[in-house]
Amino acid sequence: MPFLEKLQLWAEERPHDTAVVVGSSRLNWSGLRDAATAVLGDASATTVLAEPNSVGFVERYAAAVAGERRCAVLDPLWPQPMIDEVVARLGDSGTATTDLLVDGDPSSTFLVGLTSGTTSVPKAFTRSRRSWQVSFEASIEFFGLCQHDRTLAPGPLAASLNLYALSECLYAGASFHTLEKFDVGDAHAAISHDGITRLVLAPTMLRLLSERGLAGDVDASGITSIICAGSKLDARTLEAARRWAPNAAIFEYYGASELSFVSGTRLAAGEPLDVGGTGIGQPFPGVELRILDDAGNALADGEHGNISIRSGMVSDGYLWGDDGQAFRCLDGWYTVGDQGYLNDGTLHILGRRSDMIITSGKNVYPHEVELALASVPGISAAVAAGIPDDIRGQKVIAGVVPAYGAVTATQLRTGLDGLLARDKWPLQYYVLAELPVTDRGKVSRTVLLDWIKNHDSRAKPLG
């Protein structure tokens, strides 16, 4: 089961407690159960949701996974032809199996996940009900989610981070809050007025909320946990979050849509973070972790290879778009091709092999360059990438967002000395007016390269 039998339980035990809040609209547990039941008749065997955040979205999502129905959640900002193509490929896999708001067979598919779409049809993979139940049990244990928590995930429910947070709260019986669309002021108002205790968000959103919250004297002392994913926390974001929400434990975790959770770390209030390093904690509860080469052989501590896991949370594979490399099974161990190494049980992430820059025969991962640059005094954030080069094959370039004032290339090179091997240093720097992000708020190297190619004013070359 994912969460519908739990929803029924909370509706019986705590019918008038708040279940879901979206902007100014809210539903209690019995109201959510009744509303989802009322739209069951409209939910076919396969439902596609491509719409902004609303309580109606939550109602339709719950109905769309009842029995052995399955649901695909698409970004409403995708081009309409792409949405139409996904809908056509999914079709409708038969008639709905029940008119009751109940969970189906644990082994059956309930969710079709899609990779981020750009100009081509995204890959589609499936998740079983059992895999998400196992994930819920692991994440509730790791994050310490309780029924009295009030979780705010201010991003779009079409993003897997937020959709999972919603589902996890429905399973745990904890109230879930989000916004109709992301707005710093609205997020601050929710924190103040709804007594939010828990934030689930990407680091870019955390920085905005923390820095503007400090400037606007928004009280975040009631927040007891902050859960970040999507990229590693940088020093500036962590420092601002510590000052703004001094009582919060901060969680970082690494995972992939196809693998679910892989590893994570918890920082108690005030505990320092290794902001310049690549470490991302110990294996998640229920996860076995190894580093394997391409033949499936285990590598020793410190050796780089494929981050590979065994767990009950892994997806069932792709419906379409499988190139044989994006999601592989190596003798029972699953990998999405992310590269990393283990050191005394701690996972260190280097990045996707597809992002790797080969310059003068040397393998350079943008992730390690970005972490080093973000540790240079005066730098707020950094994004690195590779561009073609006639001599080296590729050369490393980087965009930096200054923390304050001007920044020089000499300052950056001096700051990198001792943090990053010289043959991995960027050969060209750009000063960024803002971080290059996708419409889901994720930092994007592709967007950076587009800015550079098109001479966008947001990326100015640094002499």
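Are Phe3 and Tyr61 buried or exposed? Both are buried, where buried means under 20% relative accessible area, exposed over 50%, and partly exposed in between, with a 1.4 Å probe and protein chains only. Before we go on, please note that this is a predicted model, in which local features need pLDDT of at least 70 and side-chain atom pairs count only at pLDDT 80 or more, while totals for chains, interfaces and linings use all residues. Residues are numbered from 1 along each chain as its sequence is written, and side-chain values use heavy atoms, with hydrogens and water left out.

Let us start with the rings. A pair of aromatic rings is described by the distance of the centres and the angle of the planes. Here, rings of Phe, Tyr and Trp (its six-membered ring) pair if their centres lie within 6.5 Å; planes under 30 degrees apart count as stacked, over 60 as edge-to-face and the rest as tilted. The structure holds 20 such aromatic pairs. In one of them, the ring centres of Phe3 and Tyr61 are 5.6 Å apart and the planes stand at 45°, so this pair is tilted. Phe3 lies in the segment before α1 (4–13) and Tyr61 in helix α3 (residues 55–64), so the pair ties together parts that are 58 residues apart in sequence. Helices (H or I, at least four residues) and strands (E, at least two) are DSSP runs, numbered from the N terminus.

Now turn to Phe261 and Phe284, an aromatic pair that is stacked, with 4.4 Å centre to centre and 5° between the planes. Phe261 belongs to strand β12 (residues 260–267) and Phe284 to the loop between β13 (282–283) and β14 (288–292), so parts 23 residues apart in sequence are tied together. Phe261 counts as buried because its relative accessibility is 4%, and Phe284 counts as buried at 1%. Both belong to one aromatic cluster, whose members include Phe110, Trp132, Tyr164 and Tyr171.

Tyr171 also leads us to a charge: the charged end of Lys6 sits over the Tyr171 ring, 5.0 Å from its centre. For this, NZ of Lys or CZ of Arg must be within 6 Å of the ring centre and within 35 degrees of the ring normal. Likewise, the charged end of Arg89 sits over the ring of Trp320, 5.4 Å from its centre.
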